[in-house]
Amino acid sequence: MQRYGPELRLECPKDGQVISSIKFASFGTPSGTCRSYSHGECSSIQAISVVQEACIGVSNCSVPVSSNYFGNPWTGVTKSLAVEAACS
């Protein structure tokens, strides 16, 4: 099935590794940089569970970046997705 629109793509850097944890996931208005992300005022409470379900235990994954998947915490606000994952 071909998807259209933005999507999150995660891939472990080394062969044989799988995504072992999602350390942070926020859909809405997250801020920060790697290892110091924070949820913004507008944040979907289900973002981490959506990313965990799609990505834990596999070497790569993709998730559409859409309010259809993450919910719409606030209308009229441009949203982004920030994710920090670990591979082992």
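Hi everyone, let's start at Arg 9, which is exposed, with a relative accessible area of 65%. Exposed here means over 50% relative accessible area, buried means under 20%, and partly exposed lies in between, using a 1.4 Å probe and protein chains only.

Before I go on, a word on the model: it is predicted, so local features need pLDDT of at least 70 and side-chain atom pairs count only at pLDDT 80 or more, while totals for chains, interfaces and linings use all residues. Residues are numbered from 1 along each chain as its sequence is written, and side-chain values use heavy atoms, with hydrogens and water left out.

Back to Arg 9. Which residue forms a salt bridge with Arg 9? The partner is Glu 7, and the closest N and O atoms are 2.6 Å apart. By salt bridge I mean a side-chain nitrogen of Lys or Arg within 4 Å of a carboxyl oxygen of Asp or Glu. Side chains of opposite charge can pair when their charged atoms come close. Glu 7 itself is partly exposed, at 25% relative accessible area. Searching the whole structure turns up 1 salt bridge.

Now for the cysteines. How many disulfides does the structure hold? There are 2, where a disulfide is a pair of cysteine sulfur atoms within 2.5 Å.

Cys 12 is buried at 7%, whereas Cys 87 is partly exposed at 27%.

The other disulfide runs from Cys 55 to Cys 61, with 1.9 Å from S to S. Its torsion is about 90 degrees, so it is right-handed. Cys 55 is buried at 0%, and Cys 61 is buried at 10%.

If you number the bonded cysteines in sequence order, the pairing reads 1-4, 2-3. Cys 34 is in no disulfide, and the nearest cysteine sulfur, that of Cys 87, is 12 Å away. Cys 34 is partly exposed, at 47% relative accessible area.
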